[in-house]
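This report describes how the parts of a two-chain model meet, and then turns to selected details within each chain. Please consult the sequence and the structure alongside the text.

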Amino acid sequence: MEQMTVNAIETQGLGKRYGSFWALQDCTITVPKGSITALVGPNGAGKSTLLKLLVGLNRPSSGSCTVLGDTSGASITPSIGYLAQEVPLYKQLSAEDHIQLGRRINIRWDSELAREHITKLDIPLDRSVKSLSGGQRAQVALALALAKKPKLLLLDEPVAALDPLAREDFLQSLTQAVADAEGELTVLMSSHLINDLERISDHLIVLATGKTQLCDSTSNVQQTHKLLIGARQPQPKNDAFTIVSAVHTPRQTTMLVRLKQPNFHDPQWQIQDVALEEITLAYMRGARQQAHKQLTKGDA
Amino acid sequence: MGILQEGDRLPTVKEAVGMVAINPNTVFKAYRELEAEGLVQGRTGIGTFVLKRPSGPAPGTHDVLAKKLATWIKEARAAGLSTEQLEALIQITLRGGDYGANDSKRN
């Protein structure tokens, strides 16, 4: 069976400016349909800005985005589930109140699905949301987002504030929902907890300093990124790779490189696999150094 | 997931995802790879079943080799090598020469 190259999201040079500050710049990404895509980057990288543009809560200052095949934004809102960073629930209302509210304001709504999700986790339906734990609130919010039967779920730092067990439960619910949807649900989830990503996501986007650093499937990312260790070479030149980050000691050079072709061999270098976490960190570090260089250049 | 033998049914993708929070596409891909290798067979509407063992050394080979290695480790310990030094020696020796390795990554 051939993999269909249908994308749930495509952006082209997408940017958002607040005054003279570009919160997001020249962002070109794709999110394959049915994937769980991780959106990674340091604080202020533009992750939330990107999600808000995609869901239509903000208008781009430049570029364009196509979400579920639509460029206008308005008509696809019923198909998008969006969970903002601060888990926006009405604190005085119960989970059941939220389900009733959702039923009234949404075109497509599955109350039973939401109740099932919530009661399965032993979360009381009738108690006010403010009496629930952080993990339970996050689960209620996820249940509500899924009750909409979305084709695209945008999650902004959904697990950042949760303890490890609640985080695991949340990710469990999320992967289960994706499995149940059998390829019809795409998830784009921002996070800076890189550890969880290796297991949860199959596509990775790294944003830093408002720009896209990386956008590829996690298996490709791992195949094309290697750690090279060898005798010191201050300026190694090789057409087979580009350098993401490099550390030079008096005798040794250690570089994280992006290979143009997988299966790279060179007796000069000892080649090691790198964890996804290391790769994303290297891109973020690289972007920060770049930004710093530009700043100091501007001062001169 | 435990040990599976010939004829056993693999958990469905949904079941596997239910056991550990993992990307369903990754599980699906892994199943397809197993199928391509001829180790499992998907039967429509019933499930995926184990056809045969992975090729490679017969069961028991590991035990025999492990016993020999244990003797060597005892010898190395008696000579005063620490665990780290032991590991380093194995790594260096492995990388140092071609001992009939047919590691597919190197081709």
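## Basis of the model

This is a predicted model, in which local features need pLDDT of at least 70 and side-chain atom pairs count only at pLDDT 80 or more, while totals for chains, interfaces and linings use all residues. Residues are numbered from 1 along each chain as its sequence is written, chains are lettered from A and ligands numbered from 1 in the order in which they are written, and side-chain values use heavy atoms, with hydrogens and water left out.

## Interface between chain A and chain B

Chain A brings 22 residues to the contact and chain B brings 17 residues, where contact means heavy atoms within 4.5 Å. The two chains bury about 1,400 Å² between them, and 44% of this lies on carbon and sulfur atoms. Buried area here is the accessible area (1.4 Å probe) that two parts lose on being put together, summed over both.

The interface of chain A and chain B holds 1 salt bridge, defined as a side-chain nitrogen of Lys or Arg within 4 Å of a carboxyl oxygen of Asp or Glu. It joins the side chains of Glu182(A) and Lys14(B), at 3.3 Å from N to O.

On the side of chain A that touches chain B, at least two residues each come from α5 (164-180), α6 (194-200) and β14 (270-273) of chain A. The most is given by α5(A), with 8 residues. Helices (H or I, at least four residues) and strands (E, at least two) are DSSP runs, numbered from the N terminus.

## Domains of chain A

The assignment divides chain A into domain 1 (2-208) and domain 2 (219-299); such bounds come from an automatic or database domain assignment. Their C-alpha centres lie 32 Å apart. Domain 1 of chain A supplies 9 residues to the contact and domain 2 of chain A supplies 10 residues.

Between them, the two domains of chain A bury about 840 Å², 77% of it on carbon and sulfur atoms. In domain 1, Ile194(A), Glu198(A) and Leu204(A) lose the most area to domain 2, together 56% of what that side buries. On the domain 1 side, α6 and β9 (203-208) of chain A are the elements that give two or more residues.

Ile123(A) lies in the loop between α3 (111-120) and α4 (134-147) of chain A. Is this residue buried or exposed? Ile123(A) is buried, with a relative accessible area of 4%; buried means under 20%, exposed over 50% and partly exposed in between (1.4 Å probe, protein chains only).

Not counting residues up to four places away in sequence, Ile123(A) touches Ile118(A), Leu132(A), Gln136(A), Gln139(A) and Val140(A). The C-alpha atoms of Ile123(A) and Gln136(A) are separated by 6.7 Å, although the residues stand 13 residues apart along the chain.

## Chain B

Chain B contains 4 helices and 3 strands, which run β-α-α-β-β-α-α from the N terminus on. Of its 107 residues, 16% count as buried. Among the contacts in chain B with a separation of 6 or more, 28% are made by residues 24 or more positions apart.
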